[in-house]
Amino acid sequence: MRLALLGCGTVGSDVVRLLHEQSADLAARIGAPLEIAGIAVRRLGRDRGDLPVDPALFTTDPLGLIKRDDVDIVVEVVGGIEPARGWLVEALRAGKSVVTANKALLAEDGATLHDAAAEGGADLYYEASVAGAIPLLRPLRESLHGDRINRVTGIVNGTTNFILSAMDATGAGFAEALEEATELGYAEADPTADVEGFDAAAKAAILASLAFHTRVTAADVHREGITEVTAADVASAKAMGCTIKLLCIAARNTDAAGRETVGVRVHPAMLPLTHPLASVGDAFNAVFVEAEAAGQLMFYGRGAGGAPTASAVLGDVVAVARNRLAGVHAASESAYADLAVRPMGEALTRYHISLDVADRPGVLEAVAGVFARHEVSIATVRQGPAGGGPAGRGSDAELVIVTHVAPDAALAATVRALRGLKIVRSVTSVLRVEGGL
């Protein structure tokens with residue numbers, strides 16, 4: 001079986017090394033040896049160290065490599081939308097199996113790839129696109145295909161999990177924790193995709209599509225990052241017996257008309273320390289699946305890095321190579337449910353709200369009245385000194401309010417109304433609370 005490798009960066013290099021180191025085992029598992037037909041790169045002259053590969057295999061013509069008759073499998077680890085989409089569509093329509101780690105492309109336009117795979121009778125595998133080496137996507141689309149999944153909650157970005165874990169452990173602010181993550185190599189020079197939630201949102205879309213048999217794109221995912229999370233938020237979470245995590249949440253629900261819908265969101269949230277995801281620290285990933293028959297399942301491990309991602313890529317390569325030898329291909333995309341995507345405003349959640357208010361009689365009554373008018377029930381209220389208000393405005397107090405479950409639209413409207421009250425100096429923090437606290 002001969003494969004074309006598109007990209008030879010961190011992940012691609014580890015794919016080459018693992019192919020070399022495990023060649024005998026891989027051949028035994030597949031029933032035929034795996035050979036690299038060519039490697040498409042941007043620059044031929046780049047120093048690639050001791051990579052165990054013939055330099056003559058490198059090319060700057062990915063499309064020409066894909067079109068070669070001796071290529072059976074195309075492995076794409078370049079990333080991005082274009083030109084990767086064009087390459088993979090070409091391969092799939094030609095009946096060549098594709099293995100990709102490209103979460104951004106799958107989340108934006110996975111439909112085009114699936115349609116091309118169906119047209120060409122080819123396999124499209126992408127285990128490495130979510131949670132690195134953790135076996136997750138195949139269990140969702142194969143092992144749990146006989147079950148009904150109701151909810152998927154996950155920590156799917158190692159950079160943000162490292163930052164929030166560091167803030168929790170040391171009391172550091174976001175900027176300090178990000179600086180540490182960058183120094184240790186957990187954060188990119190431009191961390192925007194991670195800290196603003198774009199990476200997690202792409203993965204959430206892929207997970208929701210598989211779990212609920214519905215095409216979900218990144219544009220369908222409500223997204224918030226962690227840049228506004230403060231050391232005070234982390235301390236407040238600790239006081240409640242919680243920790244803060246950037247969560248991707250995909251859930252099946254029924255709307256007011258009795259129709260099934262799916263909601264997908266990514267945002268920081270307070271999570272009780274008793275929840276299985278609360279103990280996931282450092283740059284690890286974990287995904288918590290709730291199914292009707294199987295119950296609660298958790299998948300945990302390293303979600304990023306060259307070697308873990310390459311491991312997932314090779315697992316897919318073995319699967320598609322076996323299929324080709326057997327003259328079959330895997331079941332096509334399962335999107336039969338075609339559920340409507342629920343707006344974020346209809347999501348049921350809870351809020352943790354910190355207010356800096358004037359310290360005088362009647363304040364609590366006025367604040368409670370705002371919640372009542374928006375039909376949001378208060379679960380707990382904690383009051384304490386705010387450390388003094390601005391000069392000339394009198395003393396201040398801090399109110400920390402945790403709500404019961406309510407539609408997100410009602411909770412957001414409550415916060416907007418609170419900001420309009422004269423007695424409220426500022427709304428200092430708003431965080432969602434998940435996990436059944």
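This is a predicted model: local features need pLDDT of at least 70, side-chain atom pairs count only at pLDDT 80 or more; totals for chains, interfaces and linings use all residues.

Me: What is the general idea of strand pairing, and how many bridges join β1 to strand β2?

Reply: Strands of a sheet pair through backbone hydrogen bonds, in either the parallel or the antiparallel sense. Two strands count as paired if DSSP finds at least two bridges between them, and the elements themselves are DSSP runs numbered from the N terminus, helices being H or I of at least four residues and strands E of at least two. Here five bridges join β1 to strand β2 (residues 35-40), and the two run parallel. Strand β1 is also joined to strand β4 (residues 73-76), again in parallel, by four bridges, with L5 standing opposite V75 in β4.

Me: In what order do the strands of the open sheet stand?

Reply: The order of the six strands is β3-β2-β1-β4-β5-β6, and the pairing is parallel. Because β3 (58-59) and β6 (124-125) stand at the edges with a single partner strand each, one side of each is left without a neighbour in the sheet. Strand β5 (residues 97-100) pairs with β6 over two bridges in the parallel sense, and V99 stands opposite Y125 in β6.

Me: Is strand β1 mostly covered or mostly open?

Reply: Burial is read from relative accessible area: buried means under 20%, exposed over 50%, and partly exposed in between, with a 1.4 Å probe and protein chains only. By that reading strand β1 (residues 2-6) is mostly covered, since four of its five residues are buried.

Me: How should I read a helix, and what span does α7 reach?

Reply: The expected span of a helix is 1.5 Å times one less than its number of residues. Helix α7 (residues 158-170) has 13 residues and reaches 18 Å from its first C-alpha to its last, close to the 18 Å expected. Ten of the 13 residues of α7 are buried, including F162, I163 and L164. The buried residues of α7 pack against several elements, among them β7 (149-155), α8 (174-183) and β9 (242-254), where contact means heavy atoms within 4.5 Å.

Me: How many salt bridges does a search of the whole structure find?

Reply: Side chains of opposite charge can pair when their charged atoms come close. A salt bridge is a side-chain nitrogen of Lys or Arg within 4 Å of a carboxyl oxygen of Asp or Glu, and the search finds 23 of them. In one of these, the side chains of R215 and E333 meet at 2.7 Å, N to O. R215 lies in the loop between α10 (198-212) and β8 (222-223) and E333 in the loop between α12 (306-326) and β13 (340-341), so the pair ties together parts that are 118 residues apart in sequence. R215 is partly exposed at 38%, as is E333 at 28%.

Me: Which residue forms a salt bridge with R259?

Reply: The partner of R259 is D255, with the closest N and O atoms 2.8 Å apart. R259 counts as exposed at 55% relative accessibility, whereas D255 counts as buried at 15%. Elsewhere, salt bridges that share partners join R2, E35, R68 and D70 into one network.

Me: How many disulfides does the structure hold?

Reply: A disulfide is a pair of cysteine sulfur atoms within 2.5 Å, and the structure holds zero. C248 is in no disulfide, and the nearest cysteine sulfur, that of C242, is 19 Å away. C248 counts as buried, at 2% relative accessibility.

Conventions: Residues are numbered from 1 along each chain as its sequence is written. Side-chain values use heavy atoms; hydrogens and water are left out.
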